[in-house]
Amino acid sequence: MKILIVAATWMEVKLLIDEFDFVAEKTHFLYEYQLAGNRIDVLIAGIGTTFATFHLTTTLQKTSYHLVLNVGVAASFTNDLKIGEVVNVISEEFADLGVEEKRQFLTLFESGFMEGNEFPFENGILKATPSNGLMNLNKVRGITANKSHGENSSIAALKAKFSAHVESTEGAAVLYVCIWYGIPCYEIRAISNYVAPREVAQWNIPLALENLKTSVLEVLTKVTIAVH
Ligand SMILES: O=C(O)c1cccc(C(=O)CC[C@H]2O[C@@H](n3cnc4c(=O)[nH]cnc43)[C@H](O)[C@@H]2O)c1
């Protein structure tokens, strides 16, 4: 089985790839590994939707994969998710793509630039592949923005507008590309911080990365067993 893992930064996959057998550096961004007889490529695309879209698209143009896993850390809008918890992000919206009008932000759908059900959106939302019991993780909704929000006013506006649980800087871009390519895609994120005024002392990246590694390895084991 051929699986592509997409992350924004090396930091987010460094513990995970210690569990893989290194095969080759394909490009500066793309590395090939083996895990239990399966090929696992790891793409480090960079932070934000532009880099994720460009590097994922060029990678998928060259190689066909059975599955894409978007992995990394993320911020939670809700205290119901604990720092370190790993979640299955089942839907995504672009939260900063649209029009500002009369102090209000309107998405592309609300401003009439796109129909809600224009492919690959469903009611303005991008949906991950159903995991059908493959993951024992809480299912959450995500939004994607090119900046990590840290101002109380913008955080309040996001909470009022989107009913999202988590924020990342790439999730929607990865889903958008994968749905266009018809490639199954899951987004697995570990909560490193809350969406709040920036206070890095409150973050726990080591815990998030340790838990992320464990969960992603479990998913990889189940996925690869399921197809054999
Ligand atoms: O700002 C920092 O000090 C900082 C420290 C470590 C990592 C970062 C990143 O932004 C890495 C990119 C990675 O993190 C996800 N992420 C984490 N927290 C947030 C957030 O509050 N809002 C949006 N994205 C977040 C992001 O999706 C990337 O996967 C920064």
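This is a predicted model: local features need pLDDT of at least 70, side-chain atom pairs count only at pLDDT 80 or more; totals for chains, interfaces and linings use all residues.
Residues are numbered from 1 along each chain as its sequence is written, and side-chain values use heavy atoms, leaving out hydrogens and water.

**The ligand and its surroundings**

- Of the 18 residues around the ligand, the nearest are Glu12, Glu167, Arg189, Asn193 and Arg198; a residue is near a molecule if one of its heavy atoms lies within 4 Å of it.
- Polar contacts are pairs of N or O atoms within 3.5 Å. Arg189 places a polar side-chain atom 2.9 Å from an oxygen atom of the ligand, and Glu170 has one 3.2 Å from a ligand oxygen atom.
- In the side chain of Asn193, an N or O atom is 2.9 Å from a nitrogen atom of the ligand.
- Taken alone, the ligand exposes 580 Å², and the protein buries 84% of that; these areas come from the Shrake-Rupley method with a 1.4 Å probe.
- Strand S5 (67-76), strand S11 (166-168) and strand S12 (185-194) are the elements that give two or more residues to the shell around the ligand. S12 gives the most, with three residues. (Strands are DSSP runs of E with at least two residues, helices are runs of H or I with at least four, and both are numbered from the N terminus.)

- How many disulfides does a search of the whole structure find? It finds zero, where a disulfide is a pair of cysteine sulfur atoms within 2.5 Å.
- Cys178 is in no disulfide, and its nearest cysteine sulfur, that of Cys185, is 3.8 Å away.
- Cys178 is buried at a relative accessible area of 0%, and Cys185 is buried at 3%. Buried means under 20% relative accessible area, exposed means over 50%, and partly exposed lies in between (1.4 Å probe, protein chains only).
- Helix H4 (residues 171-181) has several buried residues, including Gly171, Val174, Leu175 and Cys178.
- Just after H4, Gly182 takes a positive phi of about 70°.

- Ala36 is not a glycine, yet its phi is positive, near 50°. Ala36 lies in the loop between strand S3 (30-35) and strand S4 (38-44), and counts as exposed at 70% relative accessibility.
- Arg103, also not a glycine, has a positive phi of about 65°. Arg103 is found in the loop between strand S7 (98-101) and S8, and counts as exposed at 87% relative accessibility.
- Phe119 and Pro120 are joined by a cis peptide bond, with omega about 5°. Pro120 lies in the loop between S8 and S9.
- Glu122 lies in the loop between strand S8 (104-107) and strand S9 (126-127). Is Glu122 buried, partly exposed or exposed? At 40% relative accessibility, Glu122 counts as partly exposed.

Technical notes. A polar contact is a pair of N or O atoms within 3.5 Å; within protein, one must be able to donate a hydrogen and the other to accept it, and residues adjacent in sequence count only if both atoms are side-chain atoms.
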